[in-house]
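Hi,

Here is the structure for you to look over. My notes follow below it.

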Amino acid sequence: MEKSKYPKFTFTWIGGLILLAGFVVGSLAVGFFNVFWMLVFKENLQYKDWFLMASNAVVFLSSIAFFDFFVVRLQTKQKLNFNFSKTNFYTYLLIFPMMLGMMFIGEFVTDQIPTTGPFFGKYYDFFTDLMNQLTDNPFVMIVTAVIMAPIFEEIIFRGIIQKGMINNGVKPWKAIVFASIIFGLVHGNPWQFVGAVLLGCVLGLVYYKTKSLLLPMLLHGFNNLCSSILIFYTKNESFSEAFKVSEWIILGVGIVLFSLFYYLFMKKYRVHYSEV
């Protein structure tokens, strides 16, 4: 039997520590470079928009490289490689409305989390200030959120963590949920946590069924593009405010969209590809 070009590595807590080590090394490299630049050129790169993009790329690439060299190649004698193949057009017609429905549901649930009070108020103000800094430059935001984040995050959370857990014998639904929870936790705030977990489950389901990492990347980019457009034109990441409708209508539409296209994707047409 011909050996698959996609390595069948496994993900365990050791792999998680190696990903974390790559993250730390990448962060240290970025920090040392900035210190060197300040000493030589008397300029702090942290205030440069391009440095934010470069820093994110270095940290993500470092984490992926660590997992590749210290897990994948040692386990499989192959280098890290993923399936990025396209699928038939009909599958796209099913997954994008399903994703949009979950985006609507996620917004409603997120809106129920308090933004005021002794704890949530200060935390939300800090989070808002941070997001304002990240959205000062539309070009940087689009490149970072719509292109870079979907590529790097899907490789790590779906391509490495979820796939590695399934390869290790974990039930697919458990691997999808676990990877989605980690995906939510790394966002570092309760408002993005909820949406990240819910949307992560859709991304994980699509990846598991289609076996192509391209599809969750496209869906992730679609979600972030919608969020960016809402922020640019409404100053608020809210569909209900943008459309001037009740959040309950957004929830209702979201449930209908997600339920219908989930049924078509999972039950009616049973989209399921294999990876060889």
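Of the 276 residues of the protein, what percentage count as buried? The share is 46%, where buried means under 20% relative accessible area, exposed over 50%, and partly exposed in between, with a 1.4 Å probe and protein chains only.

Ground rules. This is a predicted model, in which local features need pLDDT of at least 70, side-chain atom pairs count only at pLDDT 80 or more, and totals for chains, interfaces and linings use all residues. Residues are numbered from 1 along each chain as its sequence is written, and side-chain values use heavy atoms, with hydrogens and water left out.

Fold. There are 10 helices and 0 strands. Helices are DSSP runs of H or I with at least four residues, strands are E runs of at least two, and numbering starts at the N terminus.

Size. The C-alpha atoms fill a box of roughly 60 × 50 × 35 Å along the principal axes.

Contacts. Take pairs at least 6 apart in sequence: 79% of their contacts (heavy atoms within 4.5 Å) join residues at least 24 apart.

One residue. Ser63 lies in helix H2, residues 49-76. Ser63 counts as buried because its relative accessibility is 5%. Leaving out residues up to four places away in sequence, Ser63 touches Leu19, Gly22, Phe23 and Ile156. Lys163 is 100 residues from Ser63 in sequence and 16 Å away, C-alpha to C-alpha.

Best wishes
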